Amino acid sequence: MHLTQDMTVQQVHEAGHARMCIIRSQMQALLDEVGVVGDDLAYLDAIKADPRWRAEGETAIAEIFRRYIARIAPDIERSFNFKPDAGYNVAPLHGALEGAMTFGYYDVPKKNGEIGRFLFNTRNLSQAPLMNVASLTYHELVPDHHFHMASQRENKALHPLRKASFCNAFNEGWAEYAATLAGEMGMYAEPEERLGRLVMDASLTCRLVIDTGMNALGWSLEQARDYMRRNAFMPEAEIASESLRYSCDLPAQALVYKLGDTYLMELREAMKAALGNRFDLKDFHEAVLKPGALPLPLVRANVEAATARILSAAG
């Protein structure tokens, strides 16, 4: 139901382990590049103590998000033909919700004239290092949830039911694809921002291992939490709540982020291989986004149809 892919539990579990090995290798390469002696946790502790990567209060945190929005703005036209008319921004989450959300959530425009907003958790972000805000911006706002959900609401070619359709593998797979795309665009300019992206990648990749471990492969709750302590870079309170989410709140939902991202990346590479020098990233993004949220095999069909049209037009 969540993945919309033909994968076994064991395949998902093994994909998580394999991906985590890659992330660990990338983290070590980053440590070597910046000349850090020690492990990734020591580097994280140093960043946590660095005032350059901390902020407190609504205004200061909002400005950091807006810095990353401004950074990617010049690259949007080079990468997207199809995008929403609605604008986007950030705003603080209502205080009553701060205890229930780690970072916040994307709020889609409900009617014409509204903007899409990422509502950020001021309390939690004031207490943590902010090297992950770049990755969070590109996953939650632009070009990720906003470009997908706002354009889907605006698209007059879609049936009203399709305008409101929700497909987990697409929604979160696209958002993670977009955050990865931002890295390809050079949006994680500082080593701390690149580490923030890797930490987010690691926490999402953990889900492939521990969700399948607890729900199908006999892992205990404590075994899953030990794996998160080694690999997820989360505080203990978040490990406790997140592991319950995977085990008995929303089993399998957390698998879609990285498997959806991987699926879309593979589709893009297949389209690029088929088209050669005719490949345009804008065409791929339009083929994925314009039909709205769909099960991933239907996304594949749309990308393949777009590829065929381009080949046919080229003679």
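Reader: Is Leu-244 buried, exposed or partly exposed, and what is the cut-off?

Author: Burial is read from relative accessible area with a 1.4 Å probe, counting protein chains only: under 20% is buried, over 50% is exposed, and partly exposed lies in between. Leu-244 counts as partly exposed because its relative accessibility is 37%. This is a predicted model, in which local features need pLDDT of at least 70 and side-chain atom pairs count only at pLDDT 80 or more, while totals for chains, interfaces and linings use all residues. Residues are numbered from 1 along each chain as its sequence is written, and side-chain values use heavy atoms, with hydrogens and water left out.

Reader: Where is Leu-244 placed, and with which residues is it in contact?

Author: Helices are DSSP runs of H or I with at least four residues, strands are runs of E with at least two, and both are numbered from the N terminus. Leu-244 has its place in helix H11. Contact means heavy atoms within 4.5 Å. With neighbours within four places in sequence left aside, Leu-244 is in contact with Leu-221, Arg-225 and Asp-249. Arg-225 is 19 residues from Leu-244 in sequence, and their C-alpha atoms are 9.8 Å apart.

Reader: How many helices and strands are there in the chain?

Author: The chain has 14 helices and 3 strands.

Reader: What does the radius of gyration say about the chain?

Author: The radius is taken over C-alpha atoms, and the globule rule is 2.2 Å times the number of residues to the power 0.38. For 315 residues a compact globule would be near 20 Å, and the chain agrees because its value is 20 Å. Along the principal axes, the C-alpha atoms fill a box of roughly 55 × 45 × 40 Å. Of the 315 residues, 52% count as buried. Among contacts with a separation of 6 or more, 75% come from residues 24 or more positions apart.

Reader: Which residues touch the most other members of the largest nonpolar core?

Author: A nonpolar core is a set of buried Ala, Val, Leu, Ile, Met, Phe, Trp, Tyr and Cys residues joined through side-chain atoms within 4.5 Å. The largest one has 94 residues, and Phe-65, Trp-174 and Val-299 touch the most other members. Helix H9 (residues 191–216) gives the most to this core, with 11 residues. Beyond its neighbours within four places in sequence, Val-299 is in contact with Phe-170, Leu-264, Leu-267, Val-288 and Leu-294.

Reader: Are Arg-207 and Asp-211 buried or exposed?

Author: Arg-207 is found in helix H9, and it counts as buried because its relative accessibility is 7%. Asp-211 is also placed in helix H9 and counts as buried, at 3% relative accessibility.

Reader: What should I look for in the backbone angles?

Author: Most residues other than glycine have a negative phi, and most peptide bonds are trans. Thr-4 has a positive phi, near 50°. It is found in the segment before helix H1 (9–34) and counts as partly exposed, at 22% relative accessibility. Phe-233 also has a positive phi, near 55°. Phe-233 is found in the loop between helix H10 (221–231) and helix H11 (236–249), and it is buried, with a relative accessible area of 18%.

Reader: Which peptide bond is cis, and where is its proline found?

Author: The bond from Val-142 to Pro-143 is cis, with omega near 10°. Pro-143 is found in the loop between helix H5 (133–140) and H6.

Reader: Where does Leu-158 lie, and is it buried or exposed?

Author: Leu-158 lies in the loop between helix H6 (145–154) and helix H7 (160–163). It is buried, with a relative accessible area of 11%. Lys-290 is 132 residues from Leu-158 in sequence, and the C-alpha atoms of the two are 9.2 Å apart. Leaving aside neighbours within four places in sequence, Leu-158 has contacts that include Lys-290, Pro-291 and Gly-292.
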